[in-house]
Each structure stands twice: as structure tokens, then as C-alpha cells.
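Hello,

Here is the structure for you to look through. My notes on it follow below.

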Amino acid sequence: MFLTLVFAGVEALVGLAGIIVDQNTSFQYDASLEDALAAFAFCALVALVLQQQERHGLAALSSLLALGYGVAKAVVVGTTHHSTNPASIALCAVCGACALGALVGSLRERRMVRDTDDYHLLEDGPKPAKLSAYAIAKLLKPYFWPRSLVGRVSVFSTLLFVILSKVCTVIAPLVLASAADAVADRGDVRKAIKMSLLYALLSFTGKILKECQSLAYLNVQKYAFIDLSSDTFAHLHSLSLQWALSKKMGEVVRITDRGIAGCDTFMKYGVLYIGPSIGEAVAVCVLFYVHFKLWALSLLVFGSVLAYACLTIKMTLWRKRFRQAMNKSDNAWHDRLTDSLTNFETVKYFTAEKYENQQFSREIACYQKSSVSVQASLSILNISQQVILCGCLGGAMALSAIAVHNGQASVGGFVAVNVWIINLFAPLNFLGTVYNALITATVDLSNLSELLAQKPLVKDPEPKVDHPALLSKHAIGVAFSDVKFRYPGVTAVDAGLKQVTFEVAPGTSLGIVGPTGAGKSTIARLLFRFFDVEGGAVTVGGVDVRNVTQASLRMLMGVVPQDTVLFNSSLDYNIRYGKRDCSTDERDDAAKHAALFDFVGRLEEGWETVVGERGLKLSGGEKQRVAIARLFVKNPPIVLLDEATSALDSRTEADIQGALAALSSDRTCVTIAHRLGTIATCDNIVVLNRGRITERGSHAALLALDGDYKAMWDVQARNSEVEVAEESSPEPQ
Ligand SMILES: Nc1ncnc2c1ncn2[C@@H]1O[C@H](COP(=O)(O)OP(=O)(O)O)[C@@H](O)[C@H]1O
Ligand SMILES: [Mg+2]
């Protein structure tokens, strides 16, 4: 890879040199090789860019085209009888050889990439992710147009400071040129002094503006971070339950974290570092042309900057391997040291001191070797950078000397060239590291962009209409009519719910029983509209749940789930979550109803007791009661108890039963349970099996039916007798 780049680079530089040589002789198409040299130089530059983008096939094609043109031109020149400049013939031959080298190199590269694509991925660092410019622009929008006005002013100042600082850097050498001209004249010493001072001032201003830009950017960073994080957070909460169920939350947190940091890297390096550097390179090249009227000079400088950039990037990636190897061997010798000393006694038992010494020395030698490689490769990088920099400097100064000699430029211009070129190359020194950071940022950005592109499965109707029952606190009913449903991605024909029809009149209760996996919780999820039905309809208060906003629908309902998850905060916070603005009296009332008040009174920190992550510091029954109190505070007209007591022992269940009964009185209540005792008092009961309702009726009616329900009832009655007997027997001594 490196050799191919060198071939193409030499080809480009020799081509450019050849054009300059040829320029001095009068152009005659049949006799001159100038056009062939130009073709070599151009195609080599194209090949360099393509190589950089790892489009080895196209790079090979570009080299082939240059070769073809060169050979064709050689035939034309050979068959005419004009004499051709021997220097151009030699340069053309060198170009031809280099083009051949680049062609072979590119083809080999192409084959290698094909063979070991994955291997390359690991070796050369992360592969740039496919990310459209639109997606990047959308992510970076808060950096250019934050919501806060102060933020916008900061963005504007940052960009202004960047531009002004670069303008100072580019203009300063022009002033230096005037100073040098004034010195050379030996006449106007005042002008010389004035210009010198102005030059110093401009250089100083350039540096100060750069610092101002960094300061202004701190503000941009702050506002963009706020916007980006809160937008991402809001987006995540706008997604459907199915997304949350199918995603690893740790991964989501990581993607968000890295994505936001990646946006900052992109902005800092891409927009504020590389962008202005490219602008400066173009401005300097244009200035060179304007100043010296030599396009070869501009081309040489531009080509050198390009070659310098490519070389720095490639060599930094190449150096990464040495650094990784060094880190690995560093860990290895430390591990060896610790392990050996931990086993001190064992080493003595086996008199293995000498062996341990040998092993340790080997690890140390390995570390030293890789550490030398890191340093040596850094020196190689520095030398290569200096070769290009000094080559460009020498070439540019020689060309400007010619321009001064020909009267196309002044001595001052000659002096300024030096400063321009040094300024131009200085920021490119760390380009490799910057490139690496940018590639990593692209991967992070593409992950975040993918996350932000997720669409919610369940959407609110347009225009957004709230549920009409929201304002009245009367009891409302619930109905499922011929509901058919399958979870997204599930294709099995008999999965999900089929022909589920039931009605719960306002203020009455419905019990749903059935074996695990029958679809009981699915009914609860459809009621909350976490998913949309495939056929039929779910209605709440006579309104199809699809015709009202999800928020207004969910305000009408409350649930006590099987596994209550609590926020890692105080008991007070967790209960007030049901209604954020509830009064202390309301909270205490709710706690009394949920049989929680006395428990809180006994706690040392009372309401301020922190419940631990997911509420793990509380027992199952206590958590359950917090969930019930939370619902009392919310006070919804419909409550849903999804196996609310299944994880509890019979005694705690009996304790909570009272609280649940209080919660469901005066409300429409749907109770899901597999312990039939909990639902025996319901006005109506449905038995669900494999997504279908198999039996329905009141407890007495279902027992009389002598079907599945009766069978379950008998089994549970027997089990509970055993349980009661066990619980009342004396403890074994
Ligand atoms: N998000 C989901 N995606 C796919 N299948 C699911 C999902 N949630 C539940 N299921 C499946 O749907 C069926 C019914 O689940 P559920 O209603 O939770 O049962 P239960 O009656 O025990 O409450 C089960 O077979 C379950 O594996
Ligand atoms: Mg369930």
C-alpha cells in the first residue's frame, strides 16, 4: 500500500517537474511531451485520492490511462522527426515506470482487500460507516443552530473567529513581503519598520483569535450538548414498548453517550480543524498564482499538501499496530510480574526462580522491542513528513526564485513563500490522529443516527384528539370486540390472540384466568395500546383506542404489574410518581389505603427512605404496596391488576388483598390472575387458552359448567389446603 502511494506520489511530482522543464521550450504538439507529463501528473493525483478511499480498482484504471496516453504520445513523438528535449524524455520515462508501479500496486491491493476484507477491518482500525451527508447535518444541527439565542450567537462568533484567524494567517506573509521589499529598497526604512510591526501584530492577532474561537466554542459545545441529549432522550421515550423489549438498554446508553461525544469530535476536528485547513490551502495556492503567475507553483504546493495529508494518515494507521502490540506486551509483563509474586511460595516449593526469571526477561524484552518499534515508526513518520515538507519548500522557493528572476514577483514574495508553506503544513502534523478520531466518530454517529431514525410502532391519530372521558371522573367501560393480534415479527399462525371478545361495563370487574403464555398480559398491553390490533377493535369508554392520543388514553388507566419496578429514589418520590403535584394528604391517604402507612412510619428515614435500584431494598409485598399506593394517587377510572399477587406468599397476599379490593371498588377493574381465589369475586370471568376465550361467566356459573375453570379450581383448592397445613405446622427444631 505504502509503495503504491510512493509510486503515485513520485509520478505526480516528476510529472509536474517535467511540465516546468517543458514550459521553457516552445510548445509544439508533435515534439513536446508536456501533455503526456500533464496526463501522468493528473492521473497520479487522481490515483492517490482513489487509493486513499480504498478504491483500488479505479486507482489502477487511472494509472493505466496515464500509461496508455504516455505510450501513445511516445509513438507520436517517435514517428515525427522533430528533436525532443532529452530531459523531458527522461522524466517521461520515470513517470511511465512509476505509473506501471502504481498500476501493479493498485491491482495487488485490490486482490488483497478482496481476500482479507475482515482482517483489514481489524488491522486498519474501524471502517468508515456509511453515513449520508444529510444524516450528519441533521445530527450536527444543534452545533449550528442551537435552541438558545446565546448558543446561536456563540456559533456565529466561533465561525467568525475561525475565518478571521485564518485570514490573519494568510495575510500576514503578504505584509512580511512588503516589509522585505521595503528593506530591499534601502530607501523607505519607516515603511519597513511599520510593515514589520504590522506583521507581528497580524501574527499575534491570528493566535489570539484562535484562542477566542476555542473559548466561544465552549459555549457552543454546552448548548449543543443540552439540545442533543434532551432530543435523544425525548426520542427514546417516544418509541414503542416493542423497541424497549427488543433492545439491550446498556447498548442504547452506550450508543447515546458515544454518539453525542462523536458529534463533538466531528464538529471540533471536521468543521473547525480540517475545513479551515483546506480553505487555507486553497487560499494560499490561489495567492501563489496571483503573486507569481506560476500555476506550477500552486500545483506543486497543493500536490505536496495532499501527499503530506495522505502520508500522515496512512502512516498513523500503520503505526497503530505497533502501539497496540506495545500495550499488549506492557500488560503481559505486568501480569507476569504480579502472577509470579503472587505465587511466591509455589515458586520456592518448585525452586523455579531461574525459570521465572527467564520468563520475565522474555516478556520484558518483548515489551522493549515493541516500544522501540513505536519510537522508530514515529521517527519514520517524522522523516517522511519532513521529506515532503522540505521538498515542497525547496521546490516552491526555487520556483519563486525563477519568478523573481523573470520579474514576475518581488523579493518580498520570495520571503513570504517560506512563511506560507510552514504555516500551511503546521496544522497537518496531527492529521493522522485527527483522521482516526473522525473515523471512530463516524461509526458512533451512524449508530446514533440509526437510533434516532427509529420510528414508533404505535402512532397518535392526526389531528391529535384527547379521550373525551379525560375531563369527567365517572366510571367508564372497556370492550374487546373480535380482537385478532400477533406480536410484530411473530409469524406462527396460531400465535397471539384470536377472536377475543368481552365487555366490562363501567364500575364492574372482569377476571381473566388461563395458563401461563395464554395471552393474558397481551390483553393488558393492547388495552394500554402498546401495540395495535390486527383485526377487531379495543374500545375504552366507547371510543376506539386508535382514535385518541396514547397519553390521554393511558391517563385513564393504571396498572399494578406482577413485578413492580421502582425508581432508585425515595418512597415519597415513587408514590408521587402517580401524580407529580399531589399534596401530602393525598399521598398519606393513598399510603393508608395501600396498607403502607404504618410500614413507612416504622422506617428510620420515613418517606425519604431510598428504595434501591429497581426497588430491590424493599420486599416483594412492600414493592407491590408502593405500586398500589401510586395508583391510588393517580386515581384512574380503570385499573388493571396483572397477576399483582402471584409472586407473594399466601399471608402477604391476604394482607394486600384488602388494598386491592379498596383500589378496585367504584372503578372498572380487570384482574389477571392464575390464583383463582383472587378473582372469584369478580362480576365476570373469562378463561383464556392459547389466545382464545374458552369459557366465560360468573364464578358460580363457571363451577357449574364443570369445564377447565372447575378443574383449575379443584387443583388449586387441594394445593392451598396443603399450603395452609404447612404454614400452620410447628417449625422444625
Ligand atoms: N414482545 C413480544 N414479542 C413476541 N412474543 C411475545 C412478546 N411478549 C409476549 N410474547 C409471547 O406471547 C405469548 C403470550 O404472552 P403473555 O400475554 O405475556 O402471556 P401470559 O398469559 O402468561 O401473560 C407468549 O407465548 C409470549 O412468549
Ligand atoms: Mg403475564
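**Confidence, then the sheet and the ligand**

Residues 116-128 keep a pLDDT under 50, and the model has 13 contacts for them beyond four places in sequence. Here pLDDT is the predictor's confidence in each residue, from 0 to 100. Two residues are in contact if their C-beta atoms, placed from the backbone, lie within 7 Å. Where pLDDT is low, the predicted coordinates should not be read in detail. The protein averages a pLDDT of 85, and 92% of the residues score at least 70.

This is a predicted model, so local features need pLDDT of at least 70, side-chain atom pairs count only at pLDDT 80 or more, and totals for chains, interfaces and linings use all residues. Residues are numbered from 1 along each chain as its sequence is written, while chains are lettered from A and ligands numbered from 1 in the order in which they are written.

**The sheet**

An open sheet has 6 strands in the order β6-β7-β8-β3-β9-β10, with mixed pairing. On average, neighbouring strands are turned by 20° against each other, direction ignored. Helices (H or I, at least four residues) and strands (E, at least two) are DSSP runs, numbered from the N terminus. Two strands pair if DSSP finds at least two bridges between them. Axes are lines fitted to C-alpha atoms, for helices over the stretch in contact, and angles run from 0 to 180 degrees between N-to-C directions.

Now strand by strand. β3 (residues 509-513) runs parallel to β8 (residues 668-672), joined by 4 bridges. Two of the partners: S509 with C669, and L510 with V670. β7 and β8 are also parallel, over 5 bridges. There, D642 stands opposite I672 of β8. β3 pairs with β9 in the parallel sense over 4 bridges, with L510 opposite N684. β9 and β10 run antiparallel, joined by 5 bridges. L688 has I693 in β10 as its bridge partner. The β9-β10 hairpin has 2 residues between the strands, and R690 takes a positive phi near 50°.

**Burial**

How many residues of β8 are buried? The count is 5 of 5. T668, V670 and I672 point one way, C669 and T671 the other. β9 has 5 of its 6 residues buried, so it is largely enclosed by the rest of the structure. (Buried: 20 or more other C-beta atoms within 10 Å of the residue's own; exposed: 12 or fewer; partly exposed: in between; C-beta atoms are placed from the backbone.)

**Helices on the sheet**

Helix α16 (residues 520-527) lies across β3, β6, β7 (638-642), β8 and β9 (684-689). It runs at about 155° to β7. Helix α21 (residues 620-634) packs on the sheet and touches β6 and β7, at about 170° to the direction of β6.

**Ligand 1**

Which residues surround ligand 1? They are Q242, L245, Y487, V490, G514, T516, G517, A518, G519, K520, S521 and T522. (Near means a C-beta atom, placed from the backbone, within 6 Å.) α9 (241-246) and α16 are the elements that give two or more residues to this shell. α16 gives the most, with 3 residues. The shell divides into 4 nonpolar, 7 polar and 1 charged. (Ala, Val, Leu, Ile, Met, Phe, Trp, Tyr, Cys and Pro count as nonpolar, Asp, Glu, Lys and Arg as charged, and the others, Gly among them, as polar.)

Best wishes
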